[in-house]
Amino acid sequence: MNTDFSFLEFIILTFDLLGIQYDLIICFYEFPYYIDKPGGIDSLNHKVEVDNGYESKGSFNLTYISEVKGTLPLIVYAAINPNWDVVPKSESNIGTLDYNSLLQRERIQMMESYNNAIRYAYEKAGKKVETSKDNIYISYIFEGYDHDFEVGDQIIEVDGQEITLYSELNSLVSSKRTGDKSTVKVLHNGKEYNRTVSFKYYEEEQRTIMGVSLIVVPELETNPTYVFHYDKQEYGPSGGLMISLSVYNQLVKEDITGGKTIAGTGTLDENGKVGRIGGIEYKLKGAVNGGADIFFVPPGENYEDAVALKKKRHYKIEIVKVETFDEALNYLEENVIKK
């Protein structure tokens, strides 16, 4: 998901500055709605750079949704723009969550997805990839537990013990019982904080919990090495498939793009399986607007909605349903490279 202050907002605001103050306040007021609109495509040619990787004549591209807060001018414009939708806050990607917490969670999910994608690409290409360290993040806070964690906290120490692997944290937590307390050092937005937590032990499940959900993002040691250039406005896990294809293409001699502009969406798990995503209509519109030749899409409802929109709008783009990385690769080898 990308968040942005649109050019339309800037223009409306400029005109309002020339008007009366009351109108300006109305234009600034944020209603309990969000505006969902097509994003575009984002080339991966220079986002993930493999050391001495092979060059590509074409490109793999991420697709994304833009979601902005619902001010009155934007809501009015969305009513006449068929590509923009007004969504109640409770039904939007943001929902009832604190906005910053949502972005923190989406950022962690993105890192997890991209990590899976890069690992899979290296394994598929027969290159070295190993885990050197586990980065453990708090992705969800449950109510009714005694702690002061925040979404986005990265656990680095518990009671003075450095945590470098998930197994170390799991072992420590398993040794606790209801009422036991610990001091947990975390890293949050580049700063260290000490959090406190009181554990609960559940006899029925025979396990101890802290009242949070965790996401583990291993640090990868690879040969050749790679550099990932994160965009500060980039969130969510839906780019996994395209990241994996782009990295794989740099690791093998044959250019699997065939000179085409290839866009797509879908998460990718550690086994190379493609997962469904939200906002497929906006992402397809973005791919078309970006001039993509091919659009990879997860199976099921995502694929059906994409095909329906293609027929409705008479898009010329080729929509390809893929359930796995291998299916995407096979399609490119059979229908792009050999042609």
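Predicted model: local features only at pLDDT ≥ 70, side-chain atom pairs only at ≥ 80, totals over all residues.
Residues are numbered from 1 along each chain as its sequence is written, and side-chain values use heavy atoms, with hydrogens and water left out. Local features need pLDDT of at least 70 and side-chain atom pairs count only at pLDDT 80 or more, whereas totals for chains, interfaces and linings use all residues.

The chain has nine helices and 18 strands, taken as DSSP runs (H or I of at least four residues for helices, E of at least two for strands) and numbered from the N terminus. It holds 339 residues, of which 47% are buried, meaning under 20% relative accessible area with a 1.4 Å probe and protein chains only. Among contacts (heavy atoms within 4.5 Å) with a separation of 6 or more, 75% join residues 24 or more positions apart.

A nonpolar core here is a set of buried Ala, Val, Leu, Ile, Met, Phe, Trp, Tyr and Cys residues joined through side-chain atoms within 4.5 Å. The largest has 43 residues, and those touching the most other members are Leu241, Met242, Ile243, Leu245, Val247 and Phe296. At least two residues of this core come from each of E2 (48–50), E3 (59–71), H4 (99–124), E5 (128–141), E12 (212–223), H6 (240–251), E17 (294–297) and H9 (325–337). H4 gives the largest share, nine residues. Another core, of 15 residues, lies apart from this one and includes Ile136, Ile138, Leu169 and Val197.

Beyond its neighbours within four places in sequence, Leu241 contacts Thr265, Gly266, Thr267, Leu268, Val274, Phe296, Val322, Phe325 and Ala328.

Helices H6 and H9 pack with their axes 11 Å apart, at an angle of about 55°; axes are lines fitted to C-alpha atoms over the stretch in contact, and angles run from 0 to 180 degrees between N-to-C directions. H6 is therefore oblique to H9, the class left once angles under 35 degrees (roughly parallel), over 145 (roughly antiparallel) and 65 to 115 (roughly perpendicular) are set aside. On the H6 side the contact is made by Leu241, Ser244, Leu245 and Tyr248, and on the H9 side by Phe325, Ala328 and Leu329. Six of these residues are nonpolar, one is polar and none is charged; Ala, Val, Leu, Ile, Met, Phe, Trp, Tyr, Cys and Pro count as nonpolar, Asp, Glu, Lys and Arg as charged, and the others, Gly among them, as polar.

Helix H4 also contains Asn116, which is buried at a relative accessible area of 17%. Leaving out residues up to four places away in sequence, Asn116 touches Leu268, Asp269 and Glu270.

Key. Buried < 20%, exposed > 50% of the residue type's maximum accessible area, 1.4 Å probe, protein only.
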